[in-house]
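Please keep the sequence and the structure in view while reading.

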Amino acid sequence: MAAVRPLIEALREVPEVRSAHGQRHPLGAMLGLACAAMLCGARTYEAIADWGRNYDSALMRALGFTHPKTPCAATLFLLFRRLDRAKLEAVLGAWAEQVLAATPAADGEQEGIAVDGKTLRGSRKQGAPGAHLLSAVSQRLGLTLGRVAVGDKTNEIPVAPTVLRGLLLEGRVVTMDALSTQRELAQAILDAGGDYVMVAKDNQPQLRADIATLFSSPPSPASGG
């Protein structure tokens, strides 16, 4: 497997949103703390802060902290509410693509990407009831390659092109549920060099009829010359 740079190095590329005055902790260190704590089960600002303050100080230094006392919950809250989420997602998506490229699929195995939407569990406790995200995930490695928020007054269809636009689709197969079975999305995937698997249900009678007709009438063998 090819070498992949550590995630902590990628996190240092996230643009700073705080003023230089009063900065106590490096941004990359705080993001690394949040990732490590959440991987260990922390799901709130308080839990992340407690994890950092109760864990080994050598790990905190490895994450980039220069002060013995790591951030409190309020500091984490103020940071994450100001972060440029689009740029953070771009950095994480680029890193995930590096991991995917470094661990290629076996010969003859196609690379699958699942596009699916989920409502964030626990988002109500964090002040964002019903927060909904549309994600593109590597089916082989389980890595999120891209993700965008779905607004309260819309659905996944208008934001799906945004997710696809930031992905490498050439030679890959994109799967999605029936809600995203849309002609424009299918064409965007083909234009990017990918293939797709979509679900056609009874609420799309003409599409289902066209598919049935196609498979009931196989093409004629090419005539010899």
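With which residue does Lys87 form a salt bridge, and how far apart are the closest N and O atoms? In this predicted model, the partner of Lys87 is Asp84, and the closest N and O atoms of the two are 3.9 Å apart. Because buried means under 20% relative accessible area and exposed means over 50%, Lys87 with 43% counts as partly exposed, and so does Asp84 with 30%.

**Salt bridges**

The count of salt bridges comes to 8, and the table sets out three of them.

| Arg18 | Glu16 | 2.8 Å |

Side chains of opposite charge can pair when their charged atoms come close. In the salt bridge between Glu16 and Arg18, Glu16 is partly exposed, with a relative accessible area of 35%, while Arg18 counts as buried at 17%.

**Overall architecture**

The chain contains 9 helices and 5 strands, which follow one another along the sequence in the pattern α-α-α-α-α-α-β-β-β-α-β-α-β-α. Of its 225 residues, 34% are buried, and the accessible surface amounts to about 14000 Å², with 56% of that area belonging to carbon and sulfur atoms. Among contacts between residues at least 6 apart in sequence, 51% join residues at least 24 apart.

**The sheet and the helices across it**

An open sheet of 5 strands is arranged in the order β3-β2-β1-β4-β5, and its pairing is mixed. Strands β3 (144-150) and β5 (195-197) stand at the edges, and because each has a single partner strand, one side of each is left without a neighbour in the sheet. From one strand to the next, the twist averages 20 degrees.

Strands of a sheet pair through backbone hydrogen bonds, either parallel or antiparallel. Strands β1 (residues 111-119) and β4 (residues 172-176) run parallel and are joined by 5 bridges; Val115 has Met176 in β4 as its bridge partner.

Helix α6 (residues 85-102) lies across β1, β2 (132-138), β3 and β4, and runs at about 155 degrees to β3. Helix α8 (residues 183-191), for its part, lies across β4 and β5, running at about 145 degrees to β5.

Where does Ala200 lie, and which residues does Ala200 touch? Ala200 is found in the loop between β5 and α9, and, leaving aside residues up to four places away in sequence, Ala200 touches Leu207, Arg208 and Ile211. Ala200 and Ile211 are 11 residues apart in sequence, and their C-alpha atoms are 8.9 Å apart in space.

Phe215 lies in helix α9 (residues 205-216), and with a relative accessibility of 67% Phe215 counts as exposed.

Conventions
Residues numbered from 1 in each chain as written. Predicted model: local features only at pLDDT ≥ 70, side-chain atom pairs only at ≥ 80, totals over all residues. Heavy atoms only, no water. Helix = DSSP H or I, 4+ residues; strand = E, 2+ residues; numbered from the N terminus. Buried < 20%, exposed > 50% of the residue type's maximum accessible area, 1.4 Å probe, protein only. Pairing = 2+ DSSP bridges. Axes fitted to C-alpha atoms, helices over the stretch in contact; angles between N-to-C directions. Contact = heavy atoms within 4.5 Å. Areas by Shrake-Rupley, 256 points an atom, 1.4 Å probe, with all protein chains shown as cover. Salt bridge = Lys/Arg side-chain N within 4 Å of Asp/Glu carboxyl O.
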